[in-house]
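Subject: Structure handover

Hello,

Here is the structure I promised to pass on. Please open it and keep it beside you as you read.

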Amino acid sequence: MSAEVDTRDHGPMKRLSSIFTSLHDKINQGRRDGVAPVSRAPALSSPQPPRLPSGQAFFEYLVVVSLQRKEGVYQPHITYQFPKLADLGHSQREQEEGTLKAIPLFCFPEGVNWAPLTEYHSETFSFVLTEVDGSRRNGYCRRLLPGGRGARPPEAYCIISSVACFGLFSKIFDEVEKRRQISLAMIYPFMQSLREAPFPAPGDTVNITSFIPESGTEIIRLTRPCDSWLEHVDFRVLFGLLTDEEVLTVFAATVLERRVVFTADELSTLSQVLHAVAALLYPFSWQHTFISIVPTVLIDVVMAPTPYLLGVQKNLLDNIHDHSDMLIVDLSAGAESRFITSMGDEDSLLPVKLQEELLHALSSKTPASTPEELNRVVSEAFLSFFVKTVGHFSSHMKRGANGQSRVFQKKSFCNATESKTYRQFVKDFCRTQMFDILIQEEEGQPSTHEGFFQQKVAKYQERKKKEKAKSGWLRGFVV
């Protein structure tokens, strides 16, 4: 298992794979560096919670990761798990052991630099795990100071799930934390009820019944957002830290699949910003290395020559010695400049007209905008960008010689770009892996399917036809 990495057999990715292999070997040297050893994980077979018609389970398991002092340093170890590893079959148990040993690295990515604390501001963050078989799982973490007296190290709660819905799991953590303050045993019945509950469809609510001593029976209502493709995203942190112009600079580097590093002190800032940036690419998906919070022991991943989106804690920034060919974005409060280093051409990568249109669309958001309003403004602005630049791709899917599969006509597609000023960007974007993957998926479809993006394209093209017809009619009337 690794953080999210493209697993295809490209030459550069072989080099990236060797980096991760050497890092795993480094971790497995033992405890001399104060890090618990981690084994390489085989292809994973997850525990078997109730499966829904969609194939999704609410979550796979919850673990509590505590810092235990050993050999003079604090090392993260799993001290609680639900369901228990012993409840799994022998083969599943062996397969999950590798994952469970790796999770503490992402819950406490700082390594062993911990000391007992009397105060600690709790924070919630997430990470993505990609298994060797290509499947993805989300790790949701909340770190806090456990109940007790005197100085003590923080602990982390981590939920592993195939579901990407940050807001929903944040509310679940609120309930877990409340029960943890009473007793660790109080977590079990709540998580069991959650495990047995049906995962709600977008916009629906599921009710979880749970008993708490002195409070009685409670009903916890968990509602899934209507826009399922935005349910893992909160744009407030991204647009609260960066100006609209700075967001466009980041978007330009990301959409053309460059190496981008974000740095901050808080883990929650890193994870929320990286997921927000990835969401700007919809309907495309980032296909390369994606690690929202890079553990200390994996910091060498910054040496990879291939595209990546990385979140690096500020105290690890000195480990990035070569700043060439990358964009480093400083998300720290009071940063003198948001861009520590850049390639210098980011402002010219996007068509000027579309940059102006994006800035105009984004100007409609206000500090008083609700998260839902902000999501709508931002998603529609960037979706419109892709509609205008590459939305016509389905018109250039032609039937192959066998009459079954469809073949993308790249040359005619580029020449049919709406505006000549867009053409260079479109040619550059056609070389990206995210565009290539979407086209491969479309070629495998028997016909164009009317997804959300295609519906937006159809509405835009219909509006352009009406505007063109009206313009022609007016010209004829004047003549």
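Below are the notes on what was found in it.

**Ground rules**

This is a predicted model, so local features need pLDDT of at least 70, side-chain atom pairs count only at pLDDT 80 or more, and totals for chains, interfaces and linings use all residues. Residues are numbered from 1 along each chain as its sequence is written, and side-chain values use heavy atoms, with hydrogens and water left out.

**Overall**

The chain has 13 helices and 15 strands. These are DSSP runs, numbered from the N terminus: helices are H or I with at least four residues, strands are E with at least two. Of its 479 residues, 53% count as buried. Buried means under 20% relative accessible area, exposed over 50%, and partly exposed in between, with a 1.4 Å probe and protein chains only. The accessible surface comes to about 22,100 Å². Carbon and sulfur atoms hold 50% of that surface. The areas come from the Shrake-Rupley method with a 1.4 Å probe; for residues, only the protein chains shown count as cover.

Now the contacts, meaning heavy atoms within 4.5 Å. Take those in the chain with a separation of 6 or more: residues 24 or more positions apart account for 64% of them.

**The cores**

A nonpolar core is a set of buried Ala, Val, Leu, Ile, Met, Phe, Trp, Tyr and Cys residues joined through side-chain atoms within 4.5 Å. The largest one has 104 residues. Those with the most contacts inside it are Phe-235, Leu-238, Phe-262, Phe-382 and Phe-429. Helix H9 (residues 371-390) gives this core its largest share, nine residues. A second, separate core has 28 residues, including Leu-62, Val-64, Ile-172 and Ile-220.

What does Phe-382 touch, not counting residues up to four places away in sequence? The list is Phe-239, Val-247, Leu-248, Phe-251, Leu-280, Leu-358 and Leu-362.

Helix H11 (residues 423-430) buries Phe-425, Val-426, Phe-429 and Cys-430. Down the axis of H11, these residues fall within an arc of 135 degrees, so they line one face of the helix. The arc is that of the directions from the helix axis to the C-beta atoms. They pack against helix H6 (244-255), H9, helix H10 (410-415) and helix H12 (433-443).

In helix H4 (residues 187-196), the buried residues are Ile-187, Phe-190, Met-191, Leu-194 and Arg-195. They cover an arc of only 135 degrees around the axis, which puts them on the same side of H4. Their packing partners include S2, S3, strand S6 (155-161) and helix H3 (166-180).

Strand S2 (residues 61-70) pairs with S3 in the antiparallel sense over nine bridges. Two strands pair if DSSP finds at least two bridges between them. Leu-67 stands opposite Pro-76 in S3. Two residues lie between the strands of this hairpin, where Glu-71 takes a positive phi near 55 degrees. Strand S3 (residues 73-82) is mostly covered, with seven of its ten residues buried.

**Strand S4 and Ser-126**

In S4, eight of eight residues are buried. In a regular strand the side chains alternate between the two faces of the sheet. Glu-123, Phe-125, Phe-127 and Leu-129 point one way from S4; Thr-124, Ser-126, Val-128 and Thr-130 point the other way. S4 pairs with strand S5 (residues 136-144) in the antiparallel sense over eight bridges. Val-128 has Asn-138 as its bridge partner in S5.

Ser-126 sits in strand S4 (residues 123-130). Is Ser-126 buried or exposed? Ser-126 is buried, with a relative accessible area of 1%. Leaving aside neighbours within four places in sequence, its contacts are Gly-139, Tyr-140, Phe-166, His-232, Ser-271, His-275, Ser-292 and Ile-293. The C-alpha atoms of Ser-126 and Leu-267 are separated by 8.6 Å, although the two are 141 residues apart along the chain.

**Cysteines**

Cys-107 is buried, with a relative accessible area of 0%. Cys-141 is also buried, at 0%.

Best wishes
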